[in-house]
Amino acid sequence: MSTVMEETISSAIVRSFFKKFENHLAVDVGIVGAGPSGLVAAKYLADMGFKVAMFESKLAPGGGTWGGGMLFNEVVVQEDATTILKDFNISTVDLGNGYHTLDSVEMASGLIFGARKAGAVIFNTMCVEDICVREGVVCGLVVNWNPVRRLEMHVDPVVVTARAVLDGTGHPSEIVHKAVDKAGLKVDSPTGGIMGEKPMWMEDGERTTVINTKRLYPGLYASGMAANNVQGGFRMGPIFGGMLKSGKKVAELIAADLRA
Ligand code: 48H
């Protein structure tokens with residue numbers, strides 16, 4: 001009886017996973033949440049040569065992209081955001097009125113593939129449950145398996161240190177909540193706290209998502225709906241230009257700060 005193949009395959013998985021994880025315990029940029037804004041940021045930062053690790057609590061990265069609008073698996077982007085999609089080799093259909101449609105499955109899978117191929121490593125099924133703050137700088141992520149969190153198991157996490165932390169957790173802005181509610185930090189918002197997302201107004205929500213994308217505290221940034229929640233922006237539904245442009249803007253902000 002030979003179990004050589006079984007032993008070889010199991011050993012290959014365990015060794016390669018731990019090599020990858022150990023190699024990403026100290027990174028330039030730790031991104032929490034692999035939604036569209038985080039994935040765009042990951043690709044551009046990795047393209048610029050930064051070491052990027054993303055932590056996504058779900059099994060499938062992609063965030064709110066997959067379901068389109070109301071599970072109709074198409075999304076809309078504005079003309080000026082299509083250049084970002086072209087960087088990922090994602091196709092769109094020009095409606096001729098300033099808007100493009102695209103298949104949400106192609107968008108989700110294309111963003112994931114593009115970020116990964118650029119060199120960003122995605123750790124799926126891992127959630128970030130806390131942050132590290134040292135001498136006035138956010139400098140690390142406290143990471144655990146999401147099933148541990150879901151099953152409320154009393155298991156301690158491990159820490160990934162990062163020169164920059166990006167909250168890409170979408171509507172709840174979970175990481176900025178840790179910064180404000182737990183660490184007591186005053187972030188760069190009108191009150192120093194989390195303003196809370198406003199109701200639907202597509203035009204204003206899209207306009208302000210990019211403006212709302214900023215460094216909130218030394219070492220801490222937010223993109224996409226997390227940025228909107230922190231600054232009190234309107235929601236915008238299944239239009240994704242603002243998410244893509246937010247990801248690109250935050251990558252440029254982080255890169256400039258890390259190079260300074
Ligand atoms: C690890 C976590 C944690 C955690 C959450 O919501 P997302 O798609 O993020 P964005 O902001 O890039 O895109 C928002 C967009 O999808 C959207 O919802 C829009 C446009 N809504 C408009 C409207 O009107 O509703 O993705 C966030 C990701 C998800 O995959 C979460 O599972 C993940 O973050 N996440 N991962 N650790 N603590 N919290």
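1. Basis. The model is predicted: local features need pLDDT of at least 70, side-chain atom pairs count only at pLDDT 80 or more, and totals for chains, interfaces and linings use all residues. Residues are numbered from 1 along each chain as its sequence is written, and side-chain values use heavy atoms, without hydrogens and water.

2. Polar contacts (N or O pairs within 3.5 Å). A ligand oxygen is 2.7 Å from a side-chain N or O atom of Ser-37. Polar backbone atoms also take part: a ligand oxygen is 2.9 Å from one in Met-225 and 3.4 Å from one in Pro-36.

3. Cover. On its own the ligand has 800 Å² of accessible area (Shrake-Rupley, 1.4 Å probe). The protein covers 92% of that area.

4. Elements. Helices are DSSP runs of H or I with at least four residues, strands runs of E with at least two.

5. Aromatic pairs. The whole structure has eight, with ring centres within 6.5 Å; planes under 30 degrees apart count as stacked, over 60 as edge-to-face and the rest as tilted. Trp-201 and Phe-234 have ring centres 5.0 Å apart and planes at 75°, so this pair is edge-to-face. Trp-201 is in the loop between β10 (198-200) and α7 (202-211) and Phe-234 in strand β13, so the pair ties together parts 33 residues apart in sequence.

Conventions:
Polar contact = N/O pair within 3.5 Å; in protein donor to acceptor, adjacent residues only side chain to side chain. Phe/Tyr/Trp six-rings, centres within 6.5 Å; stacked < 30°, edge-to-face > 60°.
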